[in-house]
Amino acid sequence: MLTLTQLPKLLRHSLWLIACASATAQAGLSAVVAVEPTAKKASYNIYFSALDSALSRAAAQPVAASASEDLADVMRATRSSGFDIFIGPAQVAASALHRGYELVGASQASEPYLLVVRKDFADIPALKTRRIYLPQQDSIYTYMARGLLNQGGLSMQDMKVQHERFPQAGLTALLLGAADATVVTAGDWAEWSALNPTVGRVLAKTDPVPAGLSVVIKKDLPADVRARLSAWFAAPPAGVGLPPTKFKPEAGEYKRVSELGLFTPTALPGVTRVSARDAQKLQAQGALLIDTRTEKEFATRHIPGAVWAPYVEKSLKDIAFNAAQDDFSALGKIDKLDTNRAVIFACNGAECWKSYKAARVAQQKGFKKVHWLRGGLPEWEAEGLPVQNAAP
C-alpha cells in the first residue's frame, strides 16, 4: 500500500483536488492531512484507506480523508471551512480555530522557534538585503520568520528569501555561507550549535508554539461525534500511521502563531496603539474614530460615532507594503478633518491590515495625533462596549 511520501507530487495534488470535490458532493465527513515539507513530518507513513475506515468507524458515518503538502491550498480551505477535520501544523489549526473549529490536541510538545544568523550579524536591521533560508511560504517556519522580522522592524521584502524544502538544512546553509539567516526550532538549534559552536547566533525567538501535527474539528458537529473522534485521535491504531494527540496546547499558543504569522505587528512606530476602552475615552475627548472596513461591514455593525472611510487594499499584508497600490482617498473626503485633530483607526481586529496601513498613511500625510485600535471592532465587542447595528 502506498504511503504519502511514495506518491509523486502531481498524483498527490490530483488526489487532493478529487478529494476536495468528492468531500462536498457526498454525505459524511471530510478530513485533510496537511503535511509540512520537512523530512521529519513528511516521513509519517499515513495509510489513507486505513485512515478513512478507522475514522468512519469512530464517527459512525463515512469519513473521506485526503492529504496535501500545498499549505497555501490548505490555509484557503480553513478560511472557507472546506473540511470537517483539519490535521496539520500549528498555523493550519490556528487559522481554523478562528473560524468555528475546536482543538482536539497536538502530537508534539510546544517549543520556541529561533531566528538564527551567522555570527557577524549583530541585530535584525543588519539583515537588510541579506539571504534568509526558509521552506515554502505557508510553512510554520516562514510564519515565525515573518513575525520575528516584523517585530524587529524588518520586512521579508527587505531580504533575499530562499524558499527550499527542508528547514533543518537552513543551518547547513549558514555553515556553508549559502545563507545569512534561517529559522529553526529550539531543539534543532540546541543539537546543531553543540556541534558547530562558532558559526551562528540567535537574534530572536518566539514563545513556545505547538509542534508536530495539531487536530481541529468543526464545533457544529454533534457532541457525541466530536467526543468519539477526539478519543480516536488520542490513540489512533498503529496501522494508520498518525501520531497520537498527546498534548493539549493552550489557546494562547495558537493565537501566538496567528499574531506572528498572520496578524499585524503589535506596535507601529510613531503611532499610539490604544485599547478599545482607551479609544472610547479618546472619542469622548474629541478624537475621531475612523472605520476603514468595507461599506457593507460598516453598515452592518460599527462603533457608535465612527466615521466610515474605507481603505481599499491591494498591497501585501506586510510592514513594507506599497501604499501607492492602495486607495485611501476617503481620508481626504472626511468633512472638516485637519491634521491637528486626534484620529483613531480601526477595522476587523489584529488580523486586518487596513487600519494598520491607514494609520501609517495618515502619519505620512502629516497627522500629528494618530492612534491605532489594533483589536478593532472584535475587541470593542469583547469589552462589552456599545455597538451600532444596522436598522431592521
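Predicted model: local features only at pLDDT ≥ 70, side-chain atom pairs only at ≥ 80, totals over all residues.

Visitor: How do the axes of helix 4 and helix 5 cross?
Guide: The axes of helix 4 (residues 71-79) and helix 5 (residues 90-97) come within 8 Å and cross at roughly 20°, where axes are lines fitted to C-alpha atoms, for helices over the stretch in contact, and angles run from 0 to 180 degrees between N-to-C directions. Helices (H or I, at least four residues) and strands (E, at least two) are DSSP runs, numbered from the N terminus.

Visitor: Which residues make the contact?
Guide: On helix 4 they are Leu-71, Val-74, Met-75, Thr-78 and Arg-79, and on helix 5 they are Gln-91, Val-92, Ser-95 and Ala-96, with contact meaning heavy atoms within 4.5 Å.

Visitor: What about helix 3 and helix 9, at what angle do they cross?
Guide: The axes of helix 3 (residues 48-59) and helix 9 come within 8 Å and cross at roughly 135°, so the two helices are oblique to each other. Helix 3 passes helix 9 in a right-handed crossing, and the residues in contact include Leu-51 and Leu-55 of helix 3 and Leu-229 and Trp-232 of helix 9.

Visitor: Is Arg-226 buried or exposed?
Guide: Arg-226, which lies in helix 9 (residues 223-234), is buried, with a relative accessible area of 18%. Buried means under 20% relative accessible area, exposed over 50%, and partly exposed in between (1.4 Å probe, protein chains only).

Visitor: What does its side chain join up with?
Guide: A polar contact of 3.1 Å joins the side chains of Arg-226 and Glu-102; a polar contact is a pair of N or O atoms within 3.5 Å, and within protein one must be able to donate a hydrogen and the other to accept it, while residues adjacent in sequence count only if both atoms are side-chain atoms.

Visitor: New topic: what is the strand order in the five-stranded open sheet?
Guide: The order is 7-6-8-5-9, with mixed pairing, and the edge strands are strand 7 (160-163) and strand 9 (200-205), each pairing on one side only. Two strands pair if DSSP finds at least two bridges between them.

Visitor: How many bridges join strand 5 to strand 9?
Guide: Five bridges join strand 5 (residues 113-118) to strand 9, and the two run antiparallel; Val-116 has Val-202 of strand 9 as its bridge partner.

Visitor: And where does Tyr-133 sit relative to strand 7 and strand 8?
Guide: Tyr-133 stands opposite Gln-162 in strand 7, and in strand 8 its bridge partner is Thr-182. Strand 6 and strand 7 pair in the parallel sense over four bridges, and strand 6 and strand 8 also pair in the parallel sense, over two bridges.

Definitions and conventions
Residues numbered from 1 in each chain as written. Heavy atoms only, no water. Parallel < 35°, antiparallel > 145°, perpendicular 65-115°, else oblique. Left-handed = near helix turned anticlockwise from the far one by under 90°.
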